[in-house]
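Let's take a walk through this structure together, one contact at a time. Have the sequence and the 3D view at hand as you read.

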Amino acid sequence: MDRGTVGSANRGRLRVEVRTEGPSEVVTPAGELDHHTAELLRAPLENALEQGRARLVVDCSHLEFCDSTGLNVLLGARLRAEAAGGGVHLAGMLPVVARVFEITGAEAVFTVHDSVEAALAE
């Protein structure tokens, strides 16, 4: 039975919206990013890169959870974006998600902004 708990197979726990803002592709995951939902974020990030959109802004303000699989999706996108001359900018991280980046040291390899507006203005 799915009770919406971490690790459940309910793919509805993550929604991803994508929009273009100038030279940036803004990707907004909302919900829980984990082993079961990571592909829902990986696909639009890869699609943006395939379309030549190498500056990715990930609006984390609605991301409630991120495990190591989700972190790996973002790290992989960062490597591909940088290889294409762009980068991945993380914006508006909630404390619970920011803590994962802090513990793993991943915060040091991403450009982190307080808001999407700040990321777009850079």
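Start with Arg80 and Glu46, which form a salt bridge whose closest N and O atoms are 3.7 Å apart. Arg80 sits in helix α2 and Glu46 in helix α1, so this pair links distant parts of the chain, 34 residues apart. Keep in mind that you are looking at a predicted model. Side chains of opposite charge can pair when their charged atoms come close.

How many salt bridges does the structure hold? There are eight. One of them brings together the side chains of Arg13 and Glu32, at 2.3 Å from N to O. Arg13 lies in the segment before β1 (14-21), while Glu32 belongs to strand β2, so the pair ties together parts that are 19 residues apart in sequence. Are these two partners buried or exposed? Arg13 is buried, with a relative accessible area of 9%, and Glu32 also counts as buried, at 13% relative accessibility. Here buried means under 20% relative accessible area, which is why both values qualify. Through salt bridges that share partners, Arg13, Glu32 and Asp34 are joined into one network.

Another salt bridge connects Glu21 with Arg19, where the closest N and O atoms are 2.9 Å apart. Glu21 is partly exposed, with a relative accessible area of 33%, and Arg19 counts as partly exposed at 36% relative accessibility.

Now follow the strands. β1 and β2 pair in the antiparallel sense over eight bridges, and Glu17 stands opposite Thr28 in β2. The two strands, β1 and β2, form a hairpin with two residues between them. If you look into the turn, you will find Gly22 with a positive phi of about 60 degrees.

Next, turn to the interior. In soluble globular proteins, nonpolar side chains tend to be buried together. In this model the largest nonpolar core has 25 residues, and those with the most contacts inside it are Leu41, Leu45, Leu74, Val88, Leu90 and Phe101. Which elements each supply at least two residues of this core? They are β2 (24-33), α1, β3 (55-59), β4 (63-66), α2 (68-83), β5 (87-91) and α3 (95-104).

Come back to helix α1, which covers residues 38-50 and includes Asn47. With 37% relative accessibility, Asn47 counts as partly exposed. From C-alpha to C-alpha, Asn47 and Thr37 are 17 Å apart in space and ten residues apart in sequence.

Finally, step back to the annotation. The unreviewed UniProt entry places the feature "domain: STAS" at residues 14-122. In the model, that span is 41% helix and 32% strand, and its end C-alpha atoms lie 28 Å apart.

Notes: Residues are numbered from 1 along each chain as its sequence is written. This is a predicted model: local features need pLDDT of at least 70, side-chain atom pairs count only at pLDDT 80 or more; totals for chains, interfaces and linings use all residues. Side-chain values use heavy atoms; hydrogens and water are left out. UniProt positions are given in the numbering used here, feature names are shortened, and annotations may be inferred rather than shown by experiment. Helices (H or I, at least four residues) and strands (E, at least two) are DSSP runs, numbered from the N terminus. Buried means under 20% relative accessible area, exposed over 50%, partly exposed in between (1.4 Å probe, protein chains only). A nonpolar core is a set of buried Ala, Val, Leu, Ile, Met, Phe, Trp, Tyr and Cys residues joined through side-chain atoms within 4.5 Å. A salt bridge is a side-chain nitrogen of Lys or Arg within 4 Å of a carboxyl oxygen of Asp or Glu. Two strands pair if DSSP finds at least two bridges between them.
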